[in-house]
Amino acid sequence: MNPFKYGQIVGDAHYCPRLKLEKTIKGHIVSGQNILVEGERRVGKSSLIVHTAARMKGYRMVYIDINQIKTTNDLIARIVNALISLDKQAGVFEKVVKMVSHLRPSLSVDSFSGDPCISFHTNEILPPENVESLLDFIYGEHKNRKSIVVIDEFQDILNLGNSDQVVAMMRSRIQFHSDMAYVFSGSVRNDMDRIFYDPDSPFFKSAIKIEVGPLSREAFSRHIIGSFMTGRRTLENEAVESIYCESGERPGDVQELCNALWSITENDTSLNQADVADALQVVFSREKALYEHSVSGLTSNQLRCLVGVAHLGGKGVQSGGFLKFTGILHASSVKKAIGRLVDLKILYFYKKEYIFNSPFFRTWLKHSNI
Ligand SMILES: Nc1ncnc2c1ncn2[C@@H]1O[C@H](COP(=O)(O)OP(=O)(O)OP(=O)(O)O)[C@@H](O)[C@H]1O
Ligand SMILES: [Mg+2]
């Protein structure tokens, strides 16, 4: 079986330990300190949090993923479903269902996990006070059994039409839950910073920030080499270098490339740089349709800028050199086009540089005839 997984939270043998960060997170949770976990996409935030919280003896984790929520109803459903998937036996299920019965929920069974699942089929927007009661309910349970509340992709709270009201209300409840730790995680830095560092935001400075960077090379290399060894496949040093180089060291991208490398090689072999180059082609063929779709929706200036960033990198995009390469006359046009590429989540801005969300997309674009 392919030992490399990507695009999902990893645990057990797929998880490379991050002892220092795990220890820091544990320490904060024990002292009831709320934390904010930030880092780039696919760097391993969710896996780190879930791995750490799930291993804390005497605690249970309420994991609420609010990715892409659009309404308060979605938020309420995510919290309820997190609760009912948590503790079916302990009577929590019945209590939660009773709590939200006035909202006329529909109960179904999740076809993937087999867990019961609640949704609200109503056009009416449910009042945010229900979020308040659910958070209070979790806190009430915390007195019997300690809880850690993880809210993942927290920046998506800003999608709600009434986000100001919901954010303010959540903060006002959370501050009374002082001995129960909330872990907020998100991958859209600007939005997370808006919530936690804007003096006008109710969450201003309400959580300690933990920055998640790439895994240490030493530990991750050992982990990758060990995973290949499960098929008695050895990696030449240049192959390891090449994996890091192509994937920009991001754990999710490293695992994706390794998954492709595994898929095209045999047990009891030694893998070299040429194998990694072949694996990269596999990644391209898996993702080509996505890349082409992204490119097809761009205006001419946006595409020129994207190709420019692919070739020249994302620093100084308003410089003369960048304008010359792209053939765009005005720096203001570049600014506008790049802004749109950020909105489309193809690029993001970090430490004064525009960076491709996917390093593979960048390489593909560089070598395409576009
Ligand atoms: N500790 C780890 N050891 C090995 N691989 C990891 C680790 N953490 C993350 N990964 C790899 O990165 C991928 C993404 O992990 P995860 O979903 O935890 O990241 P994330 O930062 O939460 O991503 P997103 O920004 O998309 O929410 C995993 O599927 C896995 O391939
Ligand atoms: Mg995540």
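# Briefing: a ligand between two domains

The structure is a predicted model, and the chain is divided into domain 1 (17–212), domain 2 (217–294) and domain 3 (297–367). In its secondary structure the chain has 15 helices and 11 strands. With a radius of gyration of 23 Å, close to the 21 Å that the globule rule gives for 370 residues, the chain is as compact as a globular protein of that length.

**How domain 1 meets domain 2**

- Between the C-alpha centres of domain 1 and domain 2 there is a distance of 34 Å.
- The contact between these two domains involves four residues of domain 1 and four residues of domain 2.
- On the side of domain 1 that touches domain 2, the residues are two charged, one polar and one nonpolar.

**Helix α2 and its packing**

- Helix α2 is mostly covered, since nine of its 10 residues are buried, namely Lys45, Ser46, Ser47, Leu48, Ile49, Val50, His51, Thr52 and Ala53.
- These buried residues of α2 pack against one helix, α1 (19–30), and against the strands β1 (35–39), β2 (59–65), β5 (146–152), β6 (181–186) and β7 (208–212).

**Ser46 and Ser185, two residues in contact**

- Ser46, which is placed in helix α2, counts as buried because it has 22 C-beta neighbours inside 10 Å, where 20 or more are needed.
- Apart from its neighbours within four places in sequence, Ser46 is in contact with Ile9, Asp152 and Ser185.
- From Ser46 to Gly316 the separation is 270 residues in sequence and 32 Å in space, taken from C-alpha to C-alpha.
- Ser185 has its place in strand β6, and it too counts as buried, because 24 C-beta neighbours lie inside 10 Å.
- When neighbours within four places in sequence are left aside, the contacts of Ser185 are Val37, Lys45, Ser46, Ile49, Val150, Asp152 and Phe154.
- Although Ser185 and Leu36 are 149 residues apart in sequence, their C-alpha atoms are 5.7 Å apart in space.

**The nonpolar cores**

- In soluble globular proteins, nonpolar side chains tend to be buried together.
- In this chain the largest nonpolar core has 53 residues, and within it Val62, Val80, Val150 and Val183 have the most contacts.
- Helix α3 (residues 72–86) supplies the largest share of this core, which amounts to eight residues.
- Beyond its neighbours within four places in sequence, Val183 is in contact with Ile35, Val37, Ile49, Ile148 and Val150.

**The chain as a whole**

- The C-alpha trace of the chain spans about 60 × 55 × 40 Å along its principal axes.
- Of the 370 residues in the chain, 37% count as buried.
- Among the contacts in the chain with a separation of 6 or more, 70% are between residues 24 or more positions apart.

- Most residues other than glycine have a negative phi.
- Asp268 lies in the loop between α10 and β9 (270–271), and it counts as exposed because it has 8 C-beta neighbours inside 10 Å, where the limit is 12 or fewer.
- Lys351, again a residue other than glycine, has a positive phi of about 50°.
- Lys351 is found in the loop between β10 (347–350) and β11 (353–356), and with 6 other C-beta atoms within 10 Å it is exposed.

How values were computed: Residues numbered from 1 in each chain as written. Chains lettered and ligands numbered in written order. Predicted model: local features only at pLDDT ≥ 70, side-chain atom pairs only at ≥ 80, totals over all residues. Domains from an automatic or database assignment. Contact = placed C-beta atoms within 7 Å. Nonpolar A, V, L, I, M, F, W, Y, C, P; charged D, E, K, R; others polar. Helix = DSSP H or I, 4+ residues; strand = E, 2+ residues; numbered from the N terminus. Core = buried A, V, L, I, M, F, W, Y, C linked by C-beta atoms within 7 Å. Rg over C-alpha atoms; globule rule 2.2 N^0.38 Å.
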